[in-house]
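Below are some numbered remarks for a colleague who is meeting this structure for the first time. Please read them with the model open beside you.

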Amino acid sequence: MAREGVGMAHGITLQQLRYFVEVAAEGSISAAADLLYVSQPTMSAAMKDLERRVGRVLLCRSVRGAALTEDGIEFLGYARQVVEQAELLEQRYLGRPPSRRLLAVSAQHYSFVVEAFVRMVKASQAAEYDFALRETRTADIIEDVRTLRSEIGVLYRSDFNRKVIDKLLRDSDLAFTPLFLASPHIFIARSNPLASREQVTLEDLEQLPRLTFDQGTDNSFYFAEEILSTRSSAQDIRVSDRATIFNLMIGLNGYTISTGIVSDDLDPSIVAVPLEVDEHIEIGWIGHASVRLTDQAERFLAEMRDVVTGFGVELLA
C-alpha cells in the first residue's frame, strides 16, 4: 500500500490541478472561481495550498489578476497533461461527457488562421468550450506564448528578422516550427486597377498608400508583420486590426504585403497579386519547447495544415 501523501505528487490533488489550469487560462483567480462555481476565497486558498505543497510560487498576484511565474509556466505544462489524462479515464470508464474544451491562439493577421480556427471549433462538437483567438502584435504573440496565455502563436520569419526573432524565442524557451514558405503578394481591393495584373512591382506601388499593422511601443522594423519594412513609402498608414486594413484597401486603394493566402469565404472583397521581389516569407507556429501540446492544440494545427494545403501550398513540416 502506498504511504500517505505519496499517491498524487506529494499530496497535490486533481482538483487543485484543475483549478490551477483554469486560473492560468483566465489570468484571474476570481474569474476562474466564477467559471467553476466556487467561491473566490475557496479558489484562492486552493492556490496557496498548491504552492505550499510544491514549495514554489506559481502565481504572481496583482490587482490586474494572476500571472504565471517562471515556475508556474513549467508547472502548468505538467498540470495540463495530468488533467487531460484524468478526463480521458473518466470518459472511458465512468461514461462522463467530454469536459469544456480550452485553447488560446495568438497570431499575426492571417485569414488562414481564422479559417483553421473556425474549422477547429466546428470539429470539436463540444457542448461547452472556451476558445480564444488573438490577432495581435508580434511582441505580444511571443509574450502570450511565453506566459502560456496562449498555447500556440503564429507568425513569420524572414532573412531580415530571423536573428532577432530567434533570439527572443530562445530567451523565452520557445521553439519555432516552420509551416510553409510563401511568395510575397500584395493584398488589395478587387476594385483596385492592379487587381487584374498577373504580377506587380514595387514601382507599381509607389503612388498607393502602404498599410501596415501597428506594433505599438515595439514598432521596430524587426517586429513588422510585413516584409520590406525598411523600405520608404510616401504614404504610410498603420492600423491595429484586419477589418480596418481591408476597409482602407477598399476606400483608399491601399495595399499591404502578405502571404497570398486569402479566403474568399472570409474576405470576398480582397484579392492577392504576386509581388515581384527576391524575398520569401516563412510562416510557422511557436510553442513552449518543454511543454507538450494539448490535444485541442494539435487539432488546431492539423486544421491549419489542411487549410494551407487547400490553397496548393506545400508544407515544410
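1. Arg 210 counts as buried at 12% relative accessibility, where buried means under 20% relative accessible area, exposed means over 50%, and partly exposed lies in between, with a 1.4 Å probe and protein chains only. Its partner in a salt bridge is Asp 236, at 2.7 Å from N to O, a salt bridge being a side-chain nitrogen of Lys or Arg within 4 Å of a carboxyl oxygen of Asp or Glu. Asp 236 lies in strand β9 and Arg 210 in strand β8, so the pair ties together parts that are 26 residues apart in sequence. Asp 236 itself is partly exposed, at 40% relative accessibility.

2. A word on the basis of these remarks: this is a predicted model, in which local features need pLDDT of at least 70 and side-chain atom pairs count only at pLDDT 80 or more, while totals for chains, interfaces and linings use all residues. Residues are numbered from 1 along each chain as its sequence is written, and side-chain values use heavy atoms, with hydrogens and water left out. Helices (H or I, at least four residues) and strands (E, at least two) are DSSP runs, numbered from the N terminus.

3. The structure holds 20 salt bridges. Among them, Glu 70 and Arg 146 meet through their side chains at 2.6 Å, N to O; Glu 70 lies in helix α4 and Arg 146 in helix α6, so this pair ties together parts that are 76 residues apart in sequence. Glu 70 is exposed, at 54% relative accessibility. Arg 197 forms a salt bridge with Asp 204, with the closest N and O atoms 2.9 Å apart; here Arg 197 is partly exposed at 36%, and Asp 204 is partly exposed at 26%. Salt bridges also link Arg 157, Arg 162, Asp 166 and Glu 282 in a network.
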